Amino acid sequence: MGLGTGRLPVSGPDDREGLEKSVQIVLRALEAGIDYVDVGHTYAAGMATRALQEAFRQTKRPFSVTAKIMYGQDKTADDARRRVEFYLRAMGLEKVRFFTCWTIWNYQNFERIMAKGGVYDGALRLKEEGLIDHICCSLHAPPEDILKILESGAFEGITISYSLLNAALMQPVLELAKEKDVGVAVMNPLGGGVIAQNRDYFSFACGDADDGDTVHAALRFVKAHPAVNMVLGGVSSLEELEDSLGVLSMPDPEPPAERMARVLRKSSELKGFCTGCKYCEGCPQGIPTAEIMRARNSLLFDPIKSYNREEPESLLRDIQLFRPLLHDHGWLPETSENPCVKCGKCEKSCTQKLRIIDGVEDTYQKTARAYFTRGARRTRLEELVHQKGYRAVGLYPSGGFTDLIMRLYNEFWGEPDFEWVLFNSDPKLWGMESDGKVVHGPSEIPELHPDLIIIDTFRFDNEIEKTLAQYRELGIKIEKLHREGEVPWVF
Ligand code: SF4
Ligand code: SF4
């Protein structure tokens, strides 16, 4: 088991109690023999590195930890160095064992990472200097892209999502990783919470030795594959840690090979469940039927709270449906018009006898209510900023969404006739550059006085709107990027 720190129970810099609880969790994990800690600088409200710093100071137990280079923000060898130095400072360390190219979405991302003077070149230099030991990556790419990336031999280890949800699909990836002797860490072993919340549906994974505990059976299934070196357990309490340790650190009561065969066989018999086998591929209209039908598996389950949203149910379901389509397959249709000509080719090939034509139609209808089209994004930017006579437009906060917004604007209308100004509440970022622009603190808003500030994040847009409302008195417009019922522009 490796320790995932994304769910440590700390809510921000002022949460002393949460920080102390998080430190205790890390210390207990190291004491129990866990020696791999997976951390990202945004984890646990940006406080995971701080909790680790305090825990590492208090222990003599061995540990290894990740420094994650963020694709999209870190583009050059120098960016990679800056990011690693940031992690070293944040955790009070002189080196980290694992350099991780974080969240590679597809093969094109990989090629950019590998370009001359890019992040991978930076990693090689850091390795030569002894600041890192191993160059790894975490992948959200489609399996066929992961296979190509593995073939390249660039990485010593990979972190991938593997669970009952994508079990059949990921088998070739795991087999190749084993053949190439590439280390495998598994994230999302419970499908991002879906399995824990739908225990009845996934109870088929339970064998006689699992005492009817679907979560334990699901974790044991992931661990059973011989290519899997480590399963990352993200925990938010000591109780959860002990529970995960009990399953992942103990030998499986069922022979792992038998467990794998049993569960894979039963998962292919699930009614209405798309296995991702892709026999339906080759739509003459270019509709990614396999990807759509696999994403629609989420409609079989109860919706789960995500991105700080608990309701309405339709939004939660739309997030679950569209997230994998954009995230994993880059699918964002131009409009909500369904191009299917009902030729039936896909349905004839479906091994699960799924009603693909209806599924595709319903999915396109849902793109309209969730504003999940490129056209809807263009409309939104037009409403907000295009040809409004503005001098400056603020984006708050700087980070994941800003690059996309500026890029989309340029794609739609070319260079803007106003200036983008980036803001962030995190003092560590003030004065630093993001997407080629300086990041300002909120106290500079009156002086810089943009005509409009767009709250671009999805997760905390209501909270940020409350803190920015005071600037309306200065004549500054404050608008949220996302409309009612809209899914995040960046997942
Ligand atoms: S029925 Fe529609 S989705 Fe299926 S292959 Fe034909 S055009 Fe594509
Ligand atoms: S053939 Fe059927 S089960 Fe296989 S990917 Fe297509 S929709 Fe899913």
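## The loop that holds K278

K278 is found in the loop between α12 (256–267) and α13. This is a predicted model. Phi of K278 is near 75°, a positive value in a residue that is not glycine. Most residues other than glycine have a negative phi.

Ligand 2 sits in the second largest cavity.

Ligand 1 takes up the space of the largest cavity. Its shell counts 13 residues, and C283, C340, C343, G344 and C346 are the closest. The shell around ligand 1 divides into 8 nonpolar, 3 polar and 2 charged residues.

The largest nonpolar core has 97 residues. Within this core, F99, F155 and I158 touch the most other members. Leaving out residues up to four places away in sequence, I158 touches C137, L139, L150, V173, A177, V182, G183, V184 and A185. A second, separate core has 48 residues, including L325, F372, F401 and M406.

M406 lies in helix α18, which spans residues 400–413. Is M406 buried or exposed? M406 is buried, because its relative accessible area is 10%, under the 20% cut-off.

Setting aside residues up to four places away in sequence, M406 touches L395, W420, D435 and K437. L395 is 11 residues from M406 along the chain, and their C-alpha atoms are separated by 9.6 Å.

## Two cis peptide bonds

Most peptide bonds are trans. The bond from E311 to P312 is cis, with omega near -10°. P312 is found in the loop between α13 (289–295) and α14 (313–327).

The bond from Y396 to P397 is also cis, with omega near 0°. P397 lies in the loop between β9 (392–396) and α18. Helix α18 is the helix that holds M406.

## N188, another positive phi

N188 has a phi near 50°, again positive in a residue other than glycine. The loop between β7 (183–187) and α9 (194–197) contains N188. N188 is partly exposed, because its relative accessible area is 34%, between the 20% and 50% cut-offs.

How values were computed. Residues numbered from 1 in each chain as written. Chains lettered and ligands numbered in written order. Predicted model: local features only at pLDDT ≥ 70, side-chain atom pairs only at ≥ 80, totals over all residues. Heavy atoms only, no water. Near = heavy atom within 4 Å. 1 Å grid on protein atoms, 1.4 Å probe; cavity = no way out; pocket = protein on both sides within 12 Å on 5 of 7 lines; lining within 4 Å. Sits in = over half its atoms within 2 Å of the grid points. Nonpolar A, V, L, I, M, F, W, Y, C, P; charged D, E, K, R; others polar. Core = buried A, V, L, I, M, F, W, Y, C linked by side-chain atoms within 4.5 Å. Buried < 20%, exposed > 50% of the residue type's maximum accessible area, 1.4 Å probe, protein only. Contact = heavy atoms within 4.5 Å. Helix = DSSP H or I, 4+ residues; strand = E, 2+ residues; numbered from the N terminus.
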